[in-house]
Amino acid sequence: MMAGLLLARAGVETLVLEKHADFLRDFRGDTLHPSTLEVLGELGLLEALLELPHDRVAEIVAQFGDTALKIADFRHLPTRCRFIAMMPQWDFLNFLAKQGARYPAFRLRMNAEVTDLLVDGERISGVKVGNEEIAAELVIGADGRHSTVRERAGLQVENRGAPIDVLWFRLSRAPGDPENSMGRFDPGAALVLINRREYWQMGYVIPKGAADEVRAAGLPAFRAMLARLLPWMGARLAELADWEQVKLLTVQIDCLRRWWRPGLLCIGDAAHAMSPVGGVGINIAIQDAVAAGNYLAKGDFSPANLARIQRRRRWPARLTQRLQIAAQDRIIARVLNSRATLKTPLFFRLLSRFAWLRRLPGRLIGMGVRPEHIAASQQE
């Protein structure tokens, strides 16, 4: 959606295809980081965006056992917004679609699932939506970690592995609950809590492939574990009455060796699936879209130009993945494998003690490795 908006603003005829009838998908990334908000500011859209309901997170807090630690601070970033905006992704997508509709070159089709690619020799020449063929000078695959586009294009994927999966579910909020979203770590358990005002969106981290084992133990055992971690939830844990309420996110970290073919470019999770660690996936994807918009704005869809986009965005994506893998292996996996009293990692203790040190993870999470900016000629 962001790539479509940027290209349409530059006068490039763009059709965005969305396979669903609406954007009301649950369990999506809802964190708009300062890097993304900066892009919206450069487009002249920030004030309108922040009129939508959202919450602001200026610090990230993690709880190890009974100890709460501040581990990231966004309040010193050189950006317009020094906070993460917590906003449902469907609201953000609807906002981008509305902004895109202002431009004659922008079209959006819902209920339009891409099922295959059109091929003309070595070049991708369009897509199939059901039985309909849609020709295009360039196809941008932004269809996520299970990308049909990249699979049909035969692009080779390097799997970098992930030792965890996540069970997502929601529980209602009540007066007196904590206000902040947070991560909680206890011996053998890691839990993410996201404050969505009316309810808590929760992610229970499990070892890779352990979902069947957790389900086999039964919902009473799952609720008992949650009661140990979140005693303030009380009777609300009974809201989990069926495993259908608990969705499995299979975590994967991978990257395409080549993001493009003549007539085709992959970006976002279709090019490099990210771990949920840090909540950076949506923001890295938007950085890809900004880079693509800058390079493609003049209608140069040549293989050489597509390769330039990959060169610009590949190393920030790979470095971010390395940091995520380090966090998974050195912190989360150790927490899940621990059975005794949990020892807080030294680095987290240092972050909590020295306020200036929290600016480093604040910058990495909030701005990323190489934040992109709207080309000066396109800014408002």
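Modeller: Contact here means heavy atoms within 4.5 Å. Keep in mind that this is a predicted model.

Start with the helix pair. Helix α2 covers residues 34-42, and helix α8 covers residues 281-296. The two pack at an angle of about 35 degrees. Their axes are 9 Å apart. The crossing of α2 over α8 is left-handed.

Which residues of α2 and α8 meet? From α2 come Ser35, Thr36 and Val39. From α8 come Asn283, Ile286, Gln287 and Val290. Sorted by class, this contact has three nonpolar residues and four polar ones. No charged residue takes part in the contact of α2 with α8.

Helix α2 has another neighbour. Helix α11 spans residues 359-367. Its buried residues are Pro361, Gly362, Gly366 and Met367. These buried residues pack against α2. They also pack against β5 (67-73) and α10 (346-353). Just after α11 comes Gly368, with a positive phi of about 80 degrees.

Now the aromatic side chains. The structure holds seven aromatic pairs. One of them joins Phe64 and Phe185, with ring centres 4.7 Å apart. Their planes stand at 20 degrees, and planes under 30 degrees apart count as stacked, so this pair is stacked. The pair links distant parts of the chain. Phe64 sits in strand β4 (residues 59-64), and Phe185 sits in strand β14 (residues 182-186). The two residues are 121 residues apart.

Are Phe64 and Phe185 buried or exposed? Buried means under 20% relative accessible area. Phe64 has 4% relative accessibility, so it counts as buried. Phe185 has 13%, so it counts as buried too.

Phe354 and Trp356 form a tilted pair, because their ring centres are 6.2 Å apart and their planes are at 45 degrees. Phe354 is partly exposed, at 30% relative accessibility. Trp356 is exposed, with a relative accessible area of 58%.

Phe169, Tyr204, Phe222 and Trp243 make up one aromatic cluster.

Two arginines also lie over rings. Arg170 is over the face of Tyr199, 4.0 Å from the ring centre. Arg258 places its charged end over the ring of Trp260, 4.4 Å from the centre.

Back to your helices: α2 meets α8 through Ser35, Thr36 and Val39, and the buried residues of α11 pack against α2.

How values were computed:
Residues are numbered from 1 along each chain as its sequence is written. This is a predicted model: local features need pLDDT of at least 70, side-chain atom pairs count only at pLDDT 80 or more; totals for chains, interfaces and linings use all residues. Side-chain values use heavy atoms; hydrogens and water are left out. Rings of Phe, Tyr and Trp (its six-membered ring) pair if their centres lie within 6.5 Å; planes under 30 degrees apart count as stacked, over 60 as edge-to-face and the rest as tilted. Helices (H or I, at least four residues) and strands (E, at least two) are DSSP runs, numbered from the N terminus. Buried means under 20% relative accessible area, exposed over 50%, partly exposed in between (1.4 Å probe, protein chains only). A charge sits over a ring if NZ of Lys or CZ of Arg is within 6 Å of the ring centre and within 35 degrees of the ring normal. Axes are lines fitted to C-alpha atoms, for helices over the stretch in contact, and angles run from 0 to 180 degrees between N-to-C directions. A crossing is left-handed if the near helix is turned anticlockwise from the far one by less than a right angle, and right-handed if clockwise. Ala, Val, Leu, Ile, Met, Phe, Trp, Tyr, Cys and Pro count as nonpolar, Asp, Glu, Lys and Arg as charged, and the others, Gly among them, as polar.
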